Amino acid sequence: MKGIDVSKWQGQVDFNAVKRSGVEFVIIKAGYGRSATQKDPFFEINYQRAKAAGLHVGAYWFSYAINPDDARAEAAACAEVIKGKQFDFPIF
């Protein structure tokens, strides 16, 4: 399977063109760090447009955790951001 990852750094992505190019899945950056306020500003639109294009979707949370407490806080922030979404691939 051919896939890509996307985040704010790619700007506006044409997911229909992505699909036409042969890409089958996208892993979307949901955010980073210990707070849901650190959600990637393009997460929602990337999620919606990738799903609308018929791509399989997964997500990732960029971690800066240096101890178990940080890891738990980051996992909770990620869970808050992705709540209610449907994914075809794991959350990384």
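**Helix faces and aromatic pairs in a predicted model**

Val13, with a relative accessibility of 14%, counts as buried in the predicted model described here. This residue belongs to the loop between β1 and α1, and, when residues up to four places away in sequence are not counted, Val13 touches Val6, Val18, Asn46 and Arg49. Phe42 is 29 residues from Val13 in sequence, while the C-alpha atoms of the two residues are 9.6 Å apart in space.

Asn46, one of the residues touched by Val13, is also one of the buried residues of α2, which are Phe43, Asn46, Tyr47 and Ala50. Viewed down the axis of α2, these buried residues fall within an arc of 100 degrees, and they therefore line one face of the helix. The elements against which the buried residues of α2 pack are β1 (residues 3-6), α1 (15-20), β2, β3 and α3. Tyr47, buried in α2, has Lys85 lying over the face of its ring, at 5.4 Å from the ring centre. After α2 comes Gly54, which has a positive phi near 85 degrees.

The helix α3 comprises 15 residues and spans 21 Å from its first C-alpha to its last, close to the 21 Å expected at 1.5 Å a residue. Its buried residues are Asp70, Ala73, Glu74, Ala77, Cys78, Val81 and Ile82. Because these residues fall within an arc of 160 degrees when seen down the axis of α3, they line one face of the helix. An α-helix has 3.6 residues a turn, so residues three or four places apart point the same way. The buried residues of α3 pack against β2, α2 and β3 (56-62), whereas Pro68, Asp69, Arg72 and Glu80 are exposed on the other side of the helix. At the N-terminal end, α3 is capped by Asn67, a side-chain oxygen of which lies 3.0 Å from the backbone nitrogen of Asp69. Gly84, which follows α3, has a positive phi near 85 degrees.

Arg34, located in the loop between β2 and α2 (43-52), counts as exposed at 52% relative accessibility. With neighbours within four places in sequence left aside, Arg34 is in contact with Asp70, Ala73, Glu74 and Ala77, residues that are listed among the buried residues of α3. The side chains of Arg34 and Asp70 are joined by a polar contact of 2.8 Å. Between Arg34 and Lys8, by comparison, the separation is 26 residues in sequence and 18 Å in space, C-alpha to C-alpha.

Five aromatic pairs are counted in the model. In one of them, Phe25 and Phe89, the ring centres are 4.8 Å apart and the planes stand at 35 degrees, so the pair is tilted, an angle between the limits of under 30 degrees for stacked and over 60 for edge-to-face. This pair links distant parts of the chain, since Phe25 lies in strand β2 (residues 25-32) and Phe89 in the segment after α3 (68-82), 64 residues apart. The two partners also carry separate accessibility classes: Phe25 is buried, with a relative accessible area of 17%, while Phe89 counts as partly exposed at 24% relative accessibility. An aromatic cluster is formed by Tyr32, Phe62 and Tyr64.

Definitions and conventions
Residues numbered from 1 in each chain as written. Predicted model: local features only at pLDDT ≥ 70, side-chain atom pairs only at ≥ 80, totals over all residues. Heavy atoms only, no water. Phe/Tyr/Trp six-rings, centres within 6.5 Å; stacked < 30°, edge-to-face > 60°. Helix = DSSP H or I, 4+ residues; strand = E, 2+ residues; numbered from the N terminus. Buried < 20%, exposed > 50% of the residue type's maximum accessible area, 1.4 Å probe, protein only. Lys NZ or Arg CZ within 6 Å of the ring centre and 35° of its normal. Contact = heavy atoms within 4.5 Å. Polar contact = N/O pair within 3.5 Å; in protein donor to acceptor, adjacent residues only side chain to side chain. Expected span 1.5 Å × (residues − 1). Arc of directions from axis to C-beta.
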